[in-house]
Amino acid sequence: MHRISVFPLFVLLLSCTVVENRDGGPCTLYESSGDMRPVNVSLWRAGIDVDGASSDVPADFEFTVEREDYLVTAACEGRHTSYRDGIVSLAGESPVDSVYAYSRNLNCNCEWVCDTVTRHKQFATVTIAFNISPRHDRFPDSLRVISTWDGLDVRTMRPVRGDYGHTFVCTGIEQSFRVLRQGDDSLILRLISRSMGVVDNVPLGRFLTRAGYSWDDEDLKDIRIEVEEAAAKLKLIILDWEDGEPLIIEI
């Protein structure tokens, strides 16, 4: 059973200082949504969803639970994503939303427990800049992102396998799009020209692996790529987000 608390947080924390001797009674779990919104909070025990709550605004949730260990998860839904049974799923060929999630094991073998959701970034924003003339016959008019992962299990923070593809029109020499957490290096970026058709299938996942990018980071880093004309070829430059030389690959 849960209740959304409407009283201020400082009152909530003050109430946590009052402890009665009620060994064997239920535990009250106070869960704050922190800065994640909208948010779906779920409590799991032995892999079963035993309780949950959601809110479109920052909120404090109150759950009454048995004195056991629980996995607490929180996930945000976006315009193009859905959340069900612990899985955030992408919708069809829609773009990727800014997906944040939280997962923590809690020991509720006491009278009360207070916890606050900390959002973790489950997507990477990829910015691709074309340092070539839009009149070049290989300049792409559109890009297609192709992935074999289309969801996220917030209980494990691991990607869920499934076919995903999204095509968008290039509106200038610089484009940005989001990619959900990946489970391998199979990510493909397809460059498409109206005059030439498919210009290139860039093995973006493999290039990122070679550059040292990690899909296992708690919060995914953003990526910038530059494509240049060089010796009648396109050059893919993956810029390092820390110290070091950029990885330059001709395609």
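Predicted model: local features only at pLDDT ≥ 70, side-chain atom pairs only at ≥ 80, totals over all residues.
Residues are numbered from 1 along each chain as its sequence is written, and side-chain values use heavy atoms, with hydrogens and water left out.

Let us start with the whole protein. Its secondary structure comes to 2 helices and 20 strands; helices (H or I, at least four residues) and strands (E, at least two) are DSSP runs, numbered from the N terminus. Of the 251 residues, 48% are buried, where buried means under 20% relative accessible area, exposed over 50%, and partly exposed in between (1.4 Å probe, protein chains only). The accessible surface comes to about 12,700 Å², and carbon and sulfur atoms account for 49% of that; the areas come from the Shrake-Rupley method with a 1.4 Å probe, and for residues only the protein chains shown count as cover. A contact here means heavy atoms within 4.5 Å. Among contacts between residues at least 6 apart in sequence, 66% join residues at least 24 apart.

Now step inside. A nonpolar core is a set of buried Ala, Val, Leu, Ile, Met, Phe, Trp, Tyr and Cys residues joined through side-chain atoms within 4.5 Å. The largest such core has 26 residues, and those touching the most other members are Ile-128, Phe-130, Leu-143, Phe-177, Leu-189 and Trp-215. Several elements give two or more residues to this core, among them strand E12 (123–131), strand E13 (142–153) and helix H2 (204–210). Strand E12 gives the most, with 4 residues.

Strands of a sheet pair through backbone hydrogen bonds, either parallel or antiparallel. In this open sheet, 5 strands are ordered E4-E3-E6-E9-E11 with antiparallel pairing; two strands pair if DSSP finds at least two bridges between them. Strand E4 (48–55) and strand E11 (120–121) are the edges, each pairing on one side only. Strand E3 (residues 39–45) and E4 are joined by 7 bridges, and Val-39 stands opposite Ser-55 in E4. Ser-54, also found in strand E4, is 15 residues from Val-39 in sequence, with a C-alpha to C-alpha distance of 5.5 Å. Ser-54 counts as partly exposed because its relative accessibility is 43%.

Finally, look at the charged pairs. A salt bridge is a side-chain nitrogen of Lys or Arg within 4 Å of a carboxyl oxygen of Asp or Glu, and by this rule there are 13. One of them joins Arg-119 and Asp-35 (3.7 Å, N to O). This pair links distant parts of the chain, 84 residues apart: Arg-119 sits in the loop between strand E10 (112–116) and E11, Asp-35 in the loop between strand E2 (27–32) and E3. Another joins Asp-184 to Arg-161, with the closest N and O atoms 3.8 Å apart. Asp-184 lies in the loop between E15 and E16, and Arg-161 in strand E14 (residues 158–169). Asp-184 is partly exposed at 26% relative accessible area, while Arg-161 is exposed at 54%. Salt bridges that share partners also join Glu-174, Arg-224 and Glu-226 into one network.
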